[in-house]
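Please keep the sequence and the model in view while reading.

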Amino acid sequence: MKFYPTVNILGNEKKELLKCLKSKNWSTFKGALGKKDYKKVLSLNSISAGKLKDLEIRFLGGKYVRKLESDVSKKLKVNFCISANSATSCLHMALASINVGPGDEVLVPSMSFNSTATSILYVNAIPKFVEVKKDTFCIDPEDIKKKITKNTKAIIVVHLGGNASDMDEIMKISKKFDIPVIEDAAQAPGCKYKNKYLGTIGDIGILSLTETKNITSGEGGLLLTNNVNYAKRSRLVRNHGEGIILDNLKKKDYENIIGMNYRLTEIQAVIAIEQFSNLKKVNSLRKKNSDYLIKGLKNLNKILIPQKIEKNTEYYPYILKFLWKGDHIIKKKNLLKELNSIGIPFTGGYGRMMHENPIFSKLIAYKNGCPYFCSKNKKISKIYGSNTLPISENLNINFLWFKFIHPPNKKRQMDFIISNFNKILKKYNFEN
Ligand SMILES: Cc1ncc(COP(=O)(O)O)c(C=O)c1O
């Protein structure tokens with residue numbers, strides 16, 4: 001049985017790409033603002049920026065970049081969408097725009113992709129890892145409360161696999177302690193919580209356009225915010241902001257920008273526009289396949305337990321995550337071997353949890369113990385490494401993941417899995 005890869009042409013990518021190639025405007029970003037009023041330019045909302053003439057304000061990018069940002073901000077109902085070359089860059093832009101720095105702590109679940117936490121090191125702050133809820137696999141608000149200190153300057157939540165974090169509880173904590181929330185919605189484009197798009201509920205949200213995601217431009221990321229100051233600072237970080245030498249930039253809020261080159265090209269933006277306009281369609285097909293598969297495997301629901309979806313969530317799956325509780329019938333490792341040998345691409349969980357990565361467990365991110373021992377954090381007790389997050393570690397050991405729910409995979413592929421899963425278990429004398 002053939003399982004198809006994620007990347008798909010969904011709309012007019014070819015035609016639009018050709019137009020862009022012929023225009024020879026492949027980036028058109030410029031790092032300088034010239035004599036333009038920087039405050040006005042940086043605070044233009046994405047819809048207004050999308051209406052600028054082609055090469056009018058090149059600090060904000062080319063026409064396709066601005067169209068992408070305008071389309072996303074309209075659809076997701078958020079004032080600013082700021083594209084970048086990856087979601088990792090967006091996480092960095094988000095933290096830098098909140099002004100998180102040396103000695104600050106950022107709360108983050110370990111149950112995520114590495115860059116959710118390594119981005120915190122880019123601003124010389126330190127991650128403090130938080131447990132996830134046992135059934136939804138998303139950050140546990142109760143553990144957030146336990147881990148807040150006077151040094152906590154941001155909370156990053158991850159909407160794992162398309163499932164929403166418990167945003168009501170998280171936003172209550174954020175308000176009470178006055179700590180901004182960054183939503184890592186890399187795996188949840190188009191998903192909603194209480195009718196709001198994930199990534200637009202906290203202070204800043206990020207989406208990924210890398211090629212494993214629901215929609216892609218090869219690489220790319222989108223930062224979402226309604227906060228004009230975060231938008232200004234993010235735009236500066238994205239585009240060599242430290243190079244702007246106008247006198248009026250001395251204002252305190254914009255002085256400490258270390259500008260990068262995180263710009264998305266026009267070529268990528270063209271693809272992203274087409275993909276984004278087909279997001280709903282793609283997400284619905286993912287949901288159809290995943291519902292069908294979960295229903296087809298329902299007879300195994302005591303040993304193969306799907307991720308519980310947070311209430312009030314409009315969920316579109318990224319990777320289907322199950323917990324395997326059938327080691328008494330067949331060990332997870334052997335089950336994976338059996339499935340893989342007949343071409344069914346199930347995998348285990350994360351190869352290594354983030355808090356077990358030596359850059360954390362050995363405190364070796366930069367030389368001389370930085371950022372762990374920078375400024376305020378003279379002492380750091382054993383907060384990283386195995387056995388510090390028992391709930392997350394135990395989940396990861398028992399995970400069975402399945403990725404190929406995207407089109408053009410369909411019922412045929414799902415049926416193949418359902419029948420073979422049952423055949424394998426029958427061989428090991430499993431009875432319902
Ligand atoms: C939860 C999460 N955050 C961040 C990222 C990073 O995205 P990108 O590869 O676009 O930098 C990923 C990508 O896999 C992810 O799954």
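A polar contact is a pair of N or O atoms within 3.5 Å; within protein, one must be able to donate a hydrogen and the other to accept it, and residues adjacent in sequence count only if both atoms are side-chain atoms. An oxygen atom of the ligand lies 2.5 Å from an N or O atom in the side chain of Thr 88. The model is predicted, so local features need pLDDT of at least 70 and side-chain atom pairs count only at pLDDT 80 or more, while totals for chains, interfaces and linings use all residues. Residues are numbered from 1 along each chain as its sequence is written, and side-chain values use heavy atoms, with hydrogens and water left out.

**The ligand and its surroundings**

- The ligand is surrounded by 15 residues, where a residue is near a molecule if one of its heavy atoms lies within 4 Å of it.
- The closest of these residues are Thr 88, Asp 184, Gln 187, Ser 208 and Lys 213.
- The shell around the ligand comprises 4 nonpolar, 9 polar and 2 charged residues; Ala, Val, Leu, Ile, Met, Phe, Trp, Tyr, Cys and Pro count as nonpolar, Asp, Glu, Lys and Arg as charged, and the others, Gly among them, as polar.
- A polar backbone atom of Ala 87 is 3.0 Å from an oxygen atom of the ligand.
- A nitrogen atom of the ligand has a polar side-chain atom of Asp 184 at 2.7 Å.
- Of the 390 Å² of accessible area that the ligand has on its own, the protein covers 91% (areas come from the Shrake-Rupley method with a 1.4 Å probe).

**The largest pocket**

- On a 1 Å grid over the protein atoms alone, a pocket is an open set of points with protein on both sides within 12 Å along at least five of seven lines, a cavity is a set of points where a 1.4 Å probe fits but cannot get out, and lining residues have an atom within 4 Å of a point.
- The ligand sits in the largest pocket, meaning that more than half of its atoms lie within 2 Å of the grid points of the pocket.
- Two elements give two or more residues to the shell around the ligand, namely helix H5 (87–98) and helix H6 (115–122); helices (H or I, at least four residues) and strands (E, at least two) are DSSP runs, numbered from the N terminus.
- The volume of the largest pocket is about 400 Å³, a volume being the space filled by probe spheres set on the points, which are joined across faces, edges and corners.
- Its lining has 25 residues, and Phe 113, Gln 187, Thr 212, Lys 213 and Tyr 318 lie nearest the centre of the pocket.
- H5 gives the most to this lining, with 3 residues.
- By class, the lining of the largest pocket holds 10 nonpolar, 10 polar and 5 charged residues.

**The cavity**

- The structure holds 1 cavity of 30 Å³ or more, and the space in the largest cavity is about 70 Å³.
- This cavity is lined by 14 residues, with Thr 6, Asn 8, Lys 213, Asn 214 and Val 282 closest to its centre.

**Backbone features**

- Cys 370 and Pro 371 are joined by a cis peptide bond with omega of about 5 degrees.
- Thr 28 is not a glycine, yet has a positive phi of about 70 degrees.
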